[in-house]
Amino acid sequence: MLLHIPEVLSAAQVAEIRRQLDAADWTDGRETVGVQGAQVKRNRQLPEHSPLARELGQLVLDALARNPMYFSAALPLRAVPPLFNRYEGGEHYGLHVDGSVRNLPQGGRLRTDLSCTLFLCEPEDYDGGELVVVDTYGTHEVKLPAGDMVLYPSTSLHKVEPVTRGARVCSFFWVQSMVRDDWQRHLLYELDQNIQKVRAKLGESEEAVGLTGHYHNLLRQWAEL
Ligand code: NI
């Protein structure tokens, strides 16, 4: 499931993050990829362990912790600290798949079930730079307003088209979900969205309670913690 989550960050939060990022030192994006990725990746990143990356990454995670749509779709168990990248002057990232396991800075590892890209610039401020995700339903081009995020299965092949005008600035990170299987996550998301509609229409009714019980029993069946 590829999902657009609107307004993860407010305009004021985006402006503050951009003010700090625009004044930061960037390094070669090939520092955080394996052999295959290094051959096709041409961009810049905020150094992974820099205090600024940590601080801004925490701001992103705090915003997501308050976002019910993100929780419902990702069912996050843990996430890597968000990273930040910048593409300009023809920079791009060719077709690749994200590594399946990543080390966490605090120790331990994370299985990458979901990849997230949070846009920190407006689509009209740059040309190119579309995130292109290939899945069984075809090819999807994603270019979202500043503050919006796309969530997609890390199993997908994807690329970032060359940026031919302006700069594309984004945050990106990976999530290990409590529910490993994309289809099971999708079913739970759809069920949750429909329960919200039933609750809005009928209140805390017998139907809403029954369906909520069903949701939790499925999650109990499928969750790995
Ligand atoms: Ni990638």
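Q: Why is Arg18 called buried?
A: Buried means under 20% relative accessible area, exposed means over 50%, and partly exposed is in between (1.4 Å probe, protein chains only). Arg18 has a relative accessible area of 19%, so Arg18 counts as buried.

A quick word on the source: this is a predicted model, where local features need pLDDT of at least 70 and side-chain atom pairs count only at pLDDT 80 or more, while totals for chains, interfaces and linings use all residues. Residues are numbered from 1 along each chain as its sequence is written, and side-chain values use heavy atoms, with hydrogens and water left out.

Q: Why does Asp22 count as partly exposed?
A: Asp22 comes out at 43% relative accessibility, so Asp22 falls in the in-between class.

Q: What makes Arg18 and Asp22 a salt bridge?
A: You need a side-chain nitrogen of Lys or Arg within 4 Å of a carboxyl oxygen of Asp or Glu. The closest N and O atoms of Arg18 and Asp22 are 3.2 Å apart, so the pair passes.

Q: Which class does Glu91 fall in, buried or exposed?
A: Glu91 has 18% relative accessibility, so Glu91 is buried.

Q: What makes Arg86 and Glu88 a salt bridge?
A: The closest N and O atoms here are 2.9 Å apart, so this pair qualifies as well. Salt bridges that share partners join Arg18, Asp22, Arg44, Arg86, Glu88 and Glu91 into one network.
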